Amino acid sequence: MELRIFTEPQQGATYDDLLAVARTAEELGFGAFFRSDHYLGMGTEGLPGPSDAWTTLAGLARDTSTIRLGTMMTSATFRYPGPLAISVANVDQMSGGRIELGIGAGWFEAEHTAYGIPFPSTRERFDRFEEQLEIITGLWATAGGFSFAGEHYQVTDSPGLPKPVQTDGRRGGPPVLIGGLGKKRTPELAARFADEFNLPFVDEATTEAQFGRVRAACEAADRDPATMTWSNALVLCVGEDEAEVERRAAAIGRDKDELRENGLAGTPQEVVDKIGRYAALGAERVYLQVLDLADLDHLRLVARDVMPHVGR
């Protein structure tokens, strides 16, 4: 099991806050540093304000050296597919080939309204998402002259430049992550395009059911499910004792008992045991959602008392 760090900077973070977490995660041996792609805080003023995901990752690409970097998840509503393919390829070059693209259809209507971004129907968002996946991966993988004629996006004779450093993704280029609970289109798109399938903030029963749907979609597409990486994202709240668990839960405005039920919370041994149950369902990575970015000792505790007992 690989442990990765996942942050939500729209809740309030400077670049330096994120850099401190990313560098600490790198030093401690976590597998990756991921950030959300949102432009509006949720239940908070989000001061000092949102930061753009790919601008941030470009900075981190130069300010870190070994840790992998990515989004969970870039919203397909925010950017045109051609410029997004260019941005990701640029940042992949800047990082020396450490970038991963998590991408989804988009869901948070309020941030679209706040920043003048169109928010079409669910069906149209998924249609656009599918076309974006075709174009982004096509631009990365095609030597030149890439064309695509979709309902929402048309690309004609694109040189497909620049190219990313990485070329071993399912369709060429960096790894692509797709996630979510959709019962039909999400599994189908994951089977076609994804190197990794992720489930955010769900319990073991939901994980088992949705992993099963995606495995079935892979088989229907004549793809070996073993070629997919399987992962979960869960909020983190670990303490050496009950008082520390309670203090960390209070710092993020959550109840420790609720977090024990819905996240990775409790003593290190409790968290090790719960990660083991997700591993038994097929999960190979866990993204630890870190909400208190100033509490770097939280990461140190996990690296010392959890990571050695779950693999890496």
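Which residues does Phe33 touch, not counting residues up to four places away in sequence? I began my notebook with that one.

**Entry 1: ground rules**

I am looking at a predicted model, where local features need pLDDT of at least 70, side-chain atom pairs count only at pLDDT 80 or more, and totals for chains, interfaces and linings use all residues. Residues are numbered from 1 along each chain as its sequence is written, and side-chain values use heavy atoms, with hydrogens and water left out.

**Entry 2: Phe33 and the cores**

I looked up the contacts of Phe33 (contact means heavy atoms within 4.5 Å). Phe33 touches Ile5, Thr7, Leu18, Val21, Ala22, Leu60, Ile67, Arg68, Leu69 and Gly70, with residues up to four places away in sequence not counted.

Next I turned to the nonpolar cores. Such a core is a set of buried Ala, Val, Leu, Ile, Met, Phe, Trp, Tyr and Cys residues joined through side-chain atoms within 4.5 Å. Buried means under 20% relative accessible area, exposed over 50%, and partly exposed in between, with a 1.4 Å probe and protein chains only. The largest nonpolar core has 76 residues, and Leu3, Ile5, Phe30, Phe33, Trp54, Ile178 and Leu288 touch the most other members.

**Entry 3: the pockets**

I needed the rules first. On a 1 Å grid over the protein atoms alone, a pocket is an open set of points with protein on both sides within 12 Å along at least five of seven lines, while a cavity is a set where a 1.4 Å probe fits but cannot get out; lining residues have an atom within 4 Å of a point. Grid points are joined across faces, edges and corners, and a volume is the space filled by probe spheres set on the points.

The largest pocket holds about 670 Å³ of space. I found 33 residues in its lining, of which His38, Met72, Met73, Trp107 and Pro200 lie nearest the centre. Helices (H or I, at least four residues) and strands (E, at least two) are DSSP runs, numbered from the N terminus. Among the elements that give two or more residues to this lining are strand E4 (74-75), strand E8 (176-179) and strand E9 (196-200). Helix H5 gives the most, with 4 residues.

The second largest pocket has about 200 Å³ of space. Among the residues lining this second pocket I noted Thr77, Phe78, Ile117 and Pro118.

**Entry 4: the cavity**

I found 1 cavity of 30 Å³ or more. The largest cavity has a volume of about 60 Å³. Its lining includes Leu236, Cys237, Arg248, Ala251 and His298. Strand E10 (229-238) and helix H8 (242-251) are the elements that give two or more residues to that lining.

Thr74 sits in strand E4. Thr74 counts as buried because its relative accessible area is 0%. I listed its contacts as Asp37, Trp54, Arg79, Leu84, Leu101, Gly102, Ile103 and Gly104, leaving out residues up to four places away in sequence.

I then went to His112, in helix H4 (residues 109-115). At 1% relative accessibility, His112 is buried too. Not counting residues up to four places away in sequence, His112 touches Ser75, Thr77, Phe78, Ile117, Pro118 and Phe119.

Ala89 belongs to helix H3 (residues 81-95), and Ala89 is buried at 0% relative accessible area. Neighbours within four places aside, Ala89 is in contact with Trp140, Pro162, Lys163 and Pro164. Ala89 and His112 are 23 residues apart along the chain, and their C-alpha atoms are separated by 25 Å.

Which peptide bonds did I find to be cis? The bond from Met72 to Met73 is one, with omega near -15°, and Met73 lies in the loop between strand E3 (68-71) and E4. The bond from Leu161 to Pro162 is cis as well, with omega near 0°; Pro162 lies in the loop between strand E7 (154-158) and E8.Asp157 is not a glycine, yet has a positive phi of about 50°. Asp157 is in strand E7 and is exposed, at 57% relative accessible area.
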